[in-house]
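I set down below what I looked up in this model, entry by entry.

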Amino acid sequence: MNIELEKLIYALNQRFKTNIISTDCQTMPLQGGTVGNVYLVTGIAETVDGEKLPYRIVLKIQNKWERYGDLGSWRREYDLYSSDLGATFSQALRWPICYHAEFNAEVNEYHLWLEYIDGVTGLDLTGDMYEEAALELGRFQGKLYAEKPAVLQSLTNLSHPDLMKNTYLHYRSWPVVYDYIRSEDCELPLHVRQMLIDIDEQADEIFARIEKLPLVLCHRDFWVTNLIYADGNFALIDWDTSGWGYLGEDLASLIADEPDIDNMVEHYQRCIPAYYKGFSEYADVSRISDHCVYEIILLVFGYRLVEGYLHTEADDEKTKHVHTLQKIYEMKTIPFMV
């Protein structure tokens, strides 16, 4: 990985708020794929006064690609970081600071130089951290819903409210998964199959209920690997799918997207009240009689889990998908007052 030292030094100037004159650097891949890559850049920077400052900074390089139903998503993080959205966050839930953003229109690629945050993430998050994340998510969305800051009107590149619905309908129209759960060859437990068939039959009525919920700014990829817990606060990364969605969409991802399966039901029980508590600090939720989180989980992840089951050869992965569907089934009977 070849780093442009001039760009790195500029980012470090912003990072340390001082005049950096030189630096060395080493890079290590953090994550990434065919359309983007993320690197940890480390080294020792030297100031104009001769002070040596060790640093860690993240470089995210994103190329153009097309997500089904959301063609502008590939450049969304750049657009959001170039806006005033950062001013709407609290210390308790925020995104990493962006020290420098640059867009190359000739090759449809952008670079973000971002704050590195070292903390607890993924399946290392505890139940208390899940609950706190749900609370802070509710506060963030409730504050924006109630206050409607001007920046929300200026954001032109956001995913649309019907993205969840269209993605579900796209899956439902796919014979590979739709026909499988209805076939004699289906190896999924009968009650799990029936759960998925029932949601299909009730989808119109369910979406009618969901669409009565408040429309809020959603991250839309609010799962444990994108949450970093450090010093009692959360940082939330990867904003490329964010946009307008319904109350509870992000909470469904926190609970069910590649989850801590053994504790899914507990997280469901703890996170929904915490989320609504946070939201209600800013907006009245007394008229909401049905939070729809269970239904959103099934609509978003039901067929996705069937697809994962069908497209893996590994028995432990198949078992994991079935186990996740079973836990979703167990959530159905849990009562809530919101």
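**Entry 1: the annotated span.** I looked up residues 111-263 and found their end C-alpha atoms 37 Å apart, with 44% of the span in helix and 15% in strand. Helices (H or I, at least four residues) and strands (E, at least two) are DSSP runs, numbered from the N terminus. The UniProt record, an unreviewed entry, annotates residues 111-263 as "domain: Aminoglycoside phosphotransferase". UniProt positions are given in the numbering used here, feature names are shortened, and annotations may be inferred rather than shown by experiment.

**Entry 2: basis of the values.** I note that this is a predicted model, in which local features need pLDDT of at least 70 and side-chain atom pairs count only at pLDDT 80 or more, while totals for chains, interfaces and linings use all residues. Residues are numbered from 1 along each chain as its sequence is written, and side-chain values use heavy atoms, with hydrogens and water left out.

**Entry 3: α3 and α9.** Two packed helices are described by the angle between their axes and the distance between the axes. I take axes as lines fitted to C-alpha atoms, for helices over the stretch in contact, with angles running from 0 to 180 degrees between N-to-C directions. Helix α3 (residues 127-147) packs with α9 at about 165°, the axes being 10 Å apart. The pair α3 and α9 is therefore roughly antiparallel (over 145 degrees; under 35 is roughly parallel, 65 to 115 roughly perpendicular and the rest oblique). On the α3 side the contact (heavy atoms within 4.5 Å) uses Tyr130, Ala133, Ala134, Leu137 and Gln141, and on the α9 side Asp250, Leu251 and Leu254. By class I find six nonpolar, one polar and one charged; Ala, Val, Leu, Ile, Met, Phe, Trp, Tyr, Cys and Pro count as nonpolar, Asp, Glu, Lys and Arg as charged, and the others, Gly among them, as polar.

**Entry 4: α9 and α11.** Helix α9 (residues 249-256) also packs on helix α11 (residues 293-310), at about 70° with axes 9 Å apart. This makes α9 roughly perpendicular to α11. From α9 the contact takes Glu249, Leu251, Ala252, Ser253, Ile255 and Ala256, and from α11 Val293, Ile296, Ile297 and Phe301. I record eight nonpolar, one polar and one charged residues there.

**Entry 5: α10 and α12.** The axes of α10 (residues 264-280) and α12 (residues 315-331) come within 9 Å and cross at roughly 40°. The two helices α10 and α12 are therefore oblique. Met264, Val265 and Tyr268 of α10 meet Thr324, Lys327, Ile328, Glu330 and Met331 of α12.

**Entry 6: two asparagines.** Which helix holds Asn13? I find Asn13 in helix α1 (residues 5-16). A polar atom of the Asn13 side chain lies 2.6 Å from the backbone nitrogen of Ile20. Leaving aside neighbours within four places in sequence, Asn13 is in contact with Thr18, Asn19 and Ile20. Asn13 and Cys186 are 173 residues apart in sequence and 59 Å apart in space, C-alpha to C-alpha.

Asn233 belongs to strand β11 (residues 233-236). Its side chain reaches the backbone oxygen of Asp231 at 3.3 Å. With neighbours within four places in sequence set aside, Asn233 is in contact with Gln91, Ala92 and Ile228.

How values were computed:
Polar contact = N/O pair within 3.5 Å; in protein donor to acceptor, adjacent residues only side chain to side chain.
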